[in-house]
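User: I would like to learn how to read the features of a protein model one at a time, beginning with the surroundings of a ligand. Could you give the general idea each time and then the case at hand?

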Amino acid sequence: MKFIICKDYDEMSRAAADVISDLVAAQPDCTLGLATGSTPIGLYAELVKDCADGKISFKDVDTYNLDEYRGLPADHVQSYHYFMKDNLFDHVDIDQSRTHVPDGSNPDAQAACAEYEAAIKAHGGVDLQLLGLGHNGHIGFNEPNTEFVKETNCVDLTESTITANSRLFDSIDQVPTQAYTMGIGTIMAAKKILVVANGEGKADIVAQAFFGPVTPQVPASVLQFHPDVTVVVDAAAGSKCPQQ
Ligand code: F6R
């Protein structure tokens, strides 16, 4: 595991963007697994700059997002599909027919998840999967559990996740209580994994996930078993980690 502690959020965003930019430059038809949330917003802004500067092109890139709220259609302002358009897809030269997000508008959870998992496999998998880290150690929406769920699945969001995500909704009652998410197995199948985390509030979980025991109670801890993981954090999120 490569563990990089940056000075601040901007440096973290640039360092993580470099990992993605370098891959897109070297392999212009690569497949990226993408994440939403507050953490990667700066990183996406850096990728938009790289594309505007002609350093990289997304025209042959395919993307598969980690997750989507169950019940939100793609054009809902709080959907993850909308987030991706707003933060990346509408600002780069990507072919939007090659971008994929689980179909939150499909009420048939089993079908929606099975179709997404099959689509990723049929495509040949993901070259680089970007991940943020939940305060409870979730990756995608794989919440603390008694097992590592393998494939794309429908999850009940925990109270802590609903509370954390309510900042983006008008009220907590509007936060969906379920989501479709790639499974831990889907995530672990990516060739390369890039994790970003920032802020003091993530310091405990960063230390537990990457330096503590591997347990489904801290889903991100399984990444310690992946052969190619880069973790990029700011100084605050890295402050409780053992000396590097
Ligand atoms: C988002 C996702 C989540 C977030 C995590 C951290 O697609 O899958 O696992 O990465 O909840 O969110 P932020 O970055 O908002 O702290």
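Analyst: A polar contact is a pair of N or O atoms within 3.5 Å. The model here is a predicted one, and in it an oxygen atom of the ligand is 2.7 Å from a polar backbone atom of Gly 140, which places that pair inside the cut-off of 3.5 Å.

User: Which side chains have polar atoms at 2.5 Å and 2.7 Å from an oxygen atom of the ligand?

Analyst: The side chain of Asp 67 has an N or O atom 2.5 Å from a ligand oxygen, and His 138 places a polar side-chain atom 2.7 Å from an oxygen atom of the ligand.

User: How should I read the aromatic pairs, and how many does the structure hold?

Analyst: Ring planes under 30 degrees apart count as stacked, those over 60 as edge-to-face, and the rest as tilted. The structure holds eight aromatic pairs. In one of them, the ring centres of Tyr 69 and Phe 141 are 5.9 Å apart with the planes at 35 degrees, so this pair is tilted. Because Tyr 69 belongs to strand β4 (residues 67-69) and Phe 141 to the loop between β6 and β7 (153-156), the pair ties together parts that are 72 residues apart in sequence. Tyr 69 has a relative accessible area of 1% and is buried; Phe 141, at 3%, is buried as well.

User: What is the geometry of the pair formed by Tyr 80 and Phe 141?

Analyst: The centres of these two rings are 5.9 Å apart and the planes stand at 20 degrees, so the pair of Tyr 80 and Phe 141 is stacked. Tyr 80 lies in helix α3 (residues 80-87), whereas Phe 141 lies in the loop between β6 and β7, so parts 61 residues apart in sequence are tied together. Both Tyr 80 and Phe 141 are buried, and one aromatic cluster is formed by Tyr 69, Tyr 80, Phe 141 and Phe 169.

User: Is Ser 79 buried or exposed, and what does its side chain reach?

Analyst: Buried means a relative accessible area under 20%, and Ser 79, at 1%, therefore counts as buried. Ser 79 sits in the loop between β4 and α3, and its side chain reaches the backbone nitrogen of Tyr 82 at 3.0 Å. Leaving aside residues up to four places away in sequence, Ser 79 touches Glu 68, Leu 72, Pro 73 and Ala 74.

User: Where is Asn 87 placed, and which residues does Asn 87 touch?

Analyst: Asn 87 has its place in helix α3 and is buried, with a relative accessible area of 17%. When residues up to four places away in sequence are not counted, Asn 87 touches Ile 41, Tyr 44 and Val 48.

User: How do I read a sheet, and in what order do the seven strands of the open sheet stand?

Analyst: A sheet is read from the pairing of its strands, where two strands pair if at least two bridges are found between them. The order of the seven strands is β1-β10-β9-β6-β2-β3-β5, with parallel pairing, and the edge strands, β1 (2-6) and β5 (99-100), each pair on one side only. Within this sheet, strand β2 (residues 31-34) runs parallel to strand β6 (residues 128-131) and is joined to β6 by two bridges, with Gln 129 in β6 as the bridge partner of Gly 33. Helix α4 (residues 109-123) packs on the sheet and touches β2, β3 (62-65) and β5, and the direction of α4 makes about 150 degrees with that of β3.

User: What is the order in the open sheet of three strands?

Analyst: The order is β4-β8-β7, and the pairing is antiparallel. Since β4 and β7 stand at the edges with a single partner strand each, one side of each is left without a neighbour in the sheet. From one strand to the next, the twist averages 25 degrees. Four bridges pair β7 with strand β8 (residues 178-181) in the antiparallel sense, and Asp 156 stands opposite Gln 178 in β8.

User: Finally, which residues of helix α7 (residues 203-211) are buried, and against which strands do they pack?

Analyst: An α-helix has 3.6 residues a turn, so residues three or four places apart point the same way. In helix α7 the buried residues are Ala 203, Ile 205, Val 206, Ala 207, Ala 209 and Phe 210, and the buried residues of α7 pack against β1, β9 (192-197) and β10 (229-234).

Conventions. Residues are numbered from 1 along each chain as its sequence is written. This is a predicted model: local features need pLDDT of at least 70, side-chain atom pairs count only at pLDDT 80 or more; totals for chains, interfaces and linings use all residues. Side-chain values use heavy atoms; hydrogens and water are left out. Contact means heavy atoms within 4.5 Å. Axes are lines fitted to C-alpha atoms, for helices over the stretch in contact, and angles run from 0 to 180 degrees between N-to-C directions. Rings of Phe, Tyr and Trp (its six-membered ring) pair if their centres lie within 6.5 Å; planes under 30 degrees apart count as stacked, over 60 as edge-to-face and the rest as tilted. Buried means under 20% relative accessible area, exposed over 50%, partly exposed in between (1.4 Å probe, protein chains only). A polar contact is a pair of N or O atoms within 3.5 Å; within protein, one must be able to donate a hydrogen and the other to accept it, and residues adjacent in sequence count only if both atoms are side-chain atoms.
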